[in-house]
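Reader: I am new to this structure and would like to know what its descriptions rest on. Please show it to me before I ask.

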Amino acid sequence: MKSLMENQENAIEVKGLTKLYGKTVALDGISFDVPRGGLFGLIGPDGAGKSTLYRILTTLLRPDAGTAVVGGFDSVRDYRQIRASVGYMPERFSLYPDLTVNENLQFFASLFGVRVADNYDLIAPIFGQLARFPDRKAGALSGGMKQKLALGCALIHRPHILLLDEPTTGVDAVSRSEFWDMLATLKEKSITILVSTSYMDEAQRCDRIALIDRGKILDVNTPAKLSADLGENLYAASATDMYPLLLALRTMPGVKRCYTFGATLHVVAGAGFDARKTVDVLAASGLRDVRLFPVKGDIEDLFIKLAGDE
Amino acid sequence: MFRTMSIFTSLIKKETLHLLRDWRTLTVVLIMPVVLLLLFGFAISTEVNDIRVVAVVDRHTDVSRLIMERLRVNSYFTFKGEVPFNEVEGMLRRGETDAAVVLRTDGGEIRSQIITDASNTNMAQTSVAYIESVIGGGGDVPVITSTLYNPQLKSAYNFVPGIMGMIFILICAMMTSVSIVSEKETGTMDLLLVSPVRPRTIILGKLVPYFILSCIILSAMLLLSYTVLGLPFSASALNVVWITVLYITFALSLGMLVSTLVSTRVTALIVSGVLFMLPVVMLSGMIFPIENMPLPLQWLSCVIPARWYIAAVRTLMIQQLPASYVLQEVAILLCMTVGVLALAVRNFNSKGLFNNAEHP
Amino acid sequence: MNRETVISVRNLTKKFGGFTAVDNISFDVGKGEIFGFLGANGAGKTTAMRMLCGLSYPTSGTGTVAGFDITRKAEEIKRHIGYMSQKFSLYDQLTVRENLRLFSTVYGMSDAAIKSKTGEIFAQLGMENMADTLVRDIPVGWKQKLAFSAATMHDPDVVFLDEPTGGVDPVTRRKFWELIYRASSGGMTVFVTTHYLDEAEYCNRVLIMVDGCVRALDTPAALKERFGMQTMDEVFRIVAKDAGRAD
């Protein structure tokens with residue numbers, strides 16, 4: 001099993017994967033490769049098809065067309081090998097709330113025929129404070145701790161590949177940031193990680209990302225390359241009253257798109273856009289403190305562009 | 001092999017922990033059969049005691065005196081004496097008596113009439129039957145009724161098989177299916193399936209603890225029946241055990257079948273409650289005798305496994321007949337078990353690898 | 001900001017046994033304000049919000065919402081607020097029209113008012129053609145806008161939004177915020193919790209709760225200046241980092 005892994009350049013290879021639920025197309029012929037040892041992000045909103053993809057990769061679901069190869073094993077033919085070698089953390093908290101932290105850990109270790117003590121080194125850095133409550137029921141843990149326990153249970157058999165489906169959904173910004181720090185630590189132990197998220201800002205923490213929307217892959221690349229390839233003439237705009245500014249900018253000549261972006265608005269400029277003239281017109285219309293300056297876009301801008309092109 | 005065993009052990013250990021931690025359910029499951037048994041055994045009784053009775057006699061003869069004497073000494077009656085005929089209706093209406101026996105002498109022959117308050121039908125029927133047996137047909141030939149197998153007419157005995165028929169459906173079919181389905185619902189089933197554990201091991205790990213729980217309850221019920229309720233012990237108790245094991249197997253297969261078909265706890269509860277429990281209570285002969293049902297319901301009762309199980313256990317436990325008398329019931333139960341188990345296994349295998357997976 | 005006060009809270013405290021979920025918080029929210037209510041998981045946001053909605057009594061302290069006392073006039077409050085959460089908002093098995101009808105009936109609107117308001121919403125959202133579609137069959141983005149419209153059908157003074165945009169794509173999130181802007185410019189007060197800190201930038205003022213207490217309360221610009229940071233995300237991480245309770 002191990003030798004197979006080492007011969008593979010890619011930990012996961014997905015080709016033309018399609019899955020239908022009745023008439024609804026959940027996955028529409030998607031293809032991408034996850035290099036070994038990488039931290040690969042699958043970025044897209046709810047309903048994009050991320051969870052379906054995970055269920056195929058974890059052999060819980062059979063694709064209607066296409067293939068998925070995980071750790072060198074075909075998801076349909078060699079499903080038993082995949083089950084022994086991947087760690088999976090589903091979208092919902094899926095541990096036994098009436099069992100304690102230790103009992104959960106012991107139970108999942110026993111499923112894979114390993115002992116907790118043998119692999120505890122791998123999860124000890126993740127557990128942190130959680131290690132102090134071995135006898136607390138999993139259901140009584142806070143959100144962040146539940147997530148750590150779930151990650152611990154997914155890692156207890158030392159998988160080569162870790163499949164994490166929206167691990168940070170509903171988690172606050174601080175815990176989210178901590179979670180990504182943990183993933184970075186695991187990556188150093190040459191575990192391949194495929195993680196999905198609906199938070200665009202998390203894309204920056206991945207080596208490579210695939211943007212997914214409505215069952216299709218919009219683009220696959222490094223976050224930096226993707227932002228650089230945005231290829232749009234982007235401006236940030238601000239004024240004292242943002243909402244009137246937004247409405248006004250949309251009526252300006254040469255404005256392709258205008259949308260809120262943090263403390264500013266982003267303006268996608270097309271032919272016929274004149275920044276100086278725009279500011280003048282806006283100021284004349286009664287908006288105070290109007291600013292307009294060029295900016296570099298990020299993944300979120302790219303997503304808005306790609307999703308808007310559909 | 002060793003590994004499979006240790007995985008199996010930890011699955012069972014986990015299930016046991018679930019059961020022990022959910023002490024409310026566990027208490028209900030353990031206490032309920034006992035309470036039901038004692039309740040039906042002692043408190044709730046379909047026997048009628050202390051029927052208040054008056055007599056209307058136009059001319060005293062030896063026969064009429066004999067009848068009144070019997071009413072007076074019989075512990076089932078409270079004989080309230082003789083009254084004139086025109087007072088009977090008033091007494092019944094005011095609830096001062098439950099029944100009246102009217103004895104008229106017509107050409108040397110006594111003709112009797114029984115008047116009862118039938119606002120409680122069950123009681124009225126029983127009192128009529130009792131009084132009829134006391135009057136003894138009124139002729140020179142007394143009717144000798146002897147009740148066999150249950151000489152004291154204790155209704156508790158009859159309820160023992162019924163309660164067992166119900167409780168094992170509850171534990172095996174309902175609890176097992178709810179427990180499997182709830183793992184589907186919370187997503188832990190996915191984690192189990194994604195591990196190297198074979199699906200059939202997962203299912204066995206679910207079924208075995210409930211099988212053990214059922215065996216514990218069976219022992220408790222038998223123990224109670226033969227001690228507290230004073231059921232006469234005989235070798236047929238052993239036959240009761242193996243026939244119950246067959247019934248438990250059936251109920252577990254049913255639970256497994258349900259869990260392959262539904263995906264939420266609520267549906268599992270409704271299916272096992274309405275589709276399985278209700279018919280057991282209503283149509284199995286546990287409370288309402290099958291012979292008294294309208295024909296279509298009698299036919300319907302034939303497809304209810306509990307009917308055959310209860311009938312068999314009654315034969316073995318109360319009539320204390322040898323196993324050869326329940327061959328028909330056992331054969332039917334066996335066929336049903338094989339059928340349901342086959343269906344459950346087929347369903348499980350067809351979804352096997354990708355069990356419960358057809359949800360996005 | 002000389003706004004008429006719509007929410008006013010003084011020394012609000014809620015204890016569960018020995019655990020103080022909300023610890024002596026005070027703040028005011030003005031009419032038409034978009035008020036961001038932030039905090040780590042377990043900071044006490046939900047508990048505070050439940051008290052403001054009249055769903056839970058404070059252990060001590062006072063508060064008024066839309067002019068009604070939160071302890072004595074809880075039922076009045078419920079008539080003057082709207083509530084929408086990511087977890088529950090619409091009935092999947094009812095059509096769009098049936099959902100709107102249900103919510104307006106719950107709020108005791110007259111038949112005529114329901115009719116005109118429903119028409120208005122369909123026109124505003126441009127979803128006339130979906131009126132008789134089951135809610136489970138319409139895309140997430142529409143669902144969200146519809147849920148907001150349903151929660152504000154009775155023109156409440158305040159609308160409480162509990163993580164309204166979780167898991168939604170960036171385009172839909174922005175469209176949703178435009179609805180919020182529009183409601184706010186029409187004078188409705190918007191009280192919103194979110195895990196997306198870029199959305200905190202859109203708020204007029206932001207309150208950050210840590211371990212049940214108010215740790216920061218100001219405009220996003222002032223907060224960023226005070227902590228010397230570029231974004232609200234960084235501000236939040238500094239303020240919420242030393243939370244003892246969360247994890």
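Reader: What makes up the secondary structure of chain C?

Author: The model is a predicted one. In chain C there are nine helices and 10 strands.

Reader: Why is chain C called as compact as a globular protein of that length?

Author: The globule rule gives 18 Å for 247 residues, and the radius of gyration of chain C is 18 Å, close to that value, so the chain is as compact as a globular protein of that length. Its C-alpha trace spans about 50 × 40 × 35 Å along the principal axes.

Reader: What share of the residues in chain C is buried?

Author: Of the 247 residues, 46% are buried. The word applies if 20 or more other C-beta atoms lie within 10 Å of a residue's own.

Reader: Which strands form the open sheet in chain A, and why do β6 and β10 stand at the edges?

Author: Six strands form this sheet, in the order β6-β7-β8-β3-β9-β10, with mixed pairing. β6 (86-89) and β10 (216-221) of chain A each have a single partner strand, so one side of each is left without a neighbour in the sheet. Neighbouring strands are turned by 15° against each other on average, direction ignored.

Reader: How do you know that β9 and β10 of chain A pair?

Author: Pairing takes at least two bridges. Five bridges join β9 (residues 208-213) of chain A to β10(A), and the two run antiparallel. A:Ile212 stands opposite A:Ile217 in β10(A).

Reader: Which strands does helix α7 of chain A lie across?

Author: Helix α7 (residues 173-188) lies across β3 (39-43), β7 (161-164) and β8 (192-197) of chain A, and runs at about 160° to β8(A).

Notes:
Residues numbered from 1 in each chain as written. Chains lettered and ligands numbered in written order. Predicted model: local features only at pLDDT ≥ 70, side-chain atom pairs only at ≥ 80, totals over all residues. Helix = DSSP H or I, 4+ residues; strand = E, 2+ residues; numbered from the N terminus. Axes fitted to C-alpha atoms, helices over the stretch in contact; angles between N-to-C directions. Contact = placed C-beta atoms within 7 Å. Rg over C-alpha atoms; globule rule 2.2 N^0.38 Å. Buried ≥ 20, exposed ≤ 12 C-beta atoms within 10 Å, placed from the backbone.
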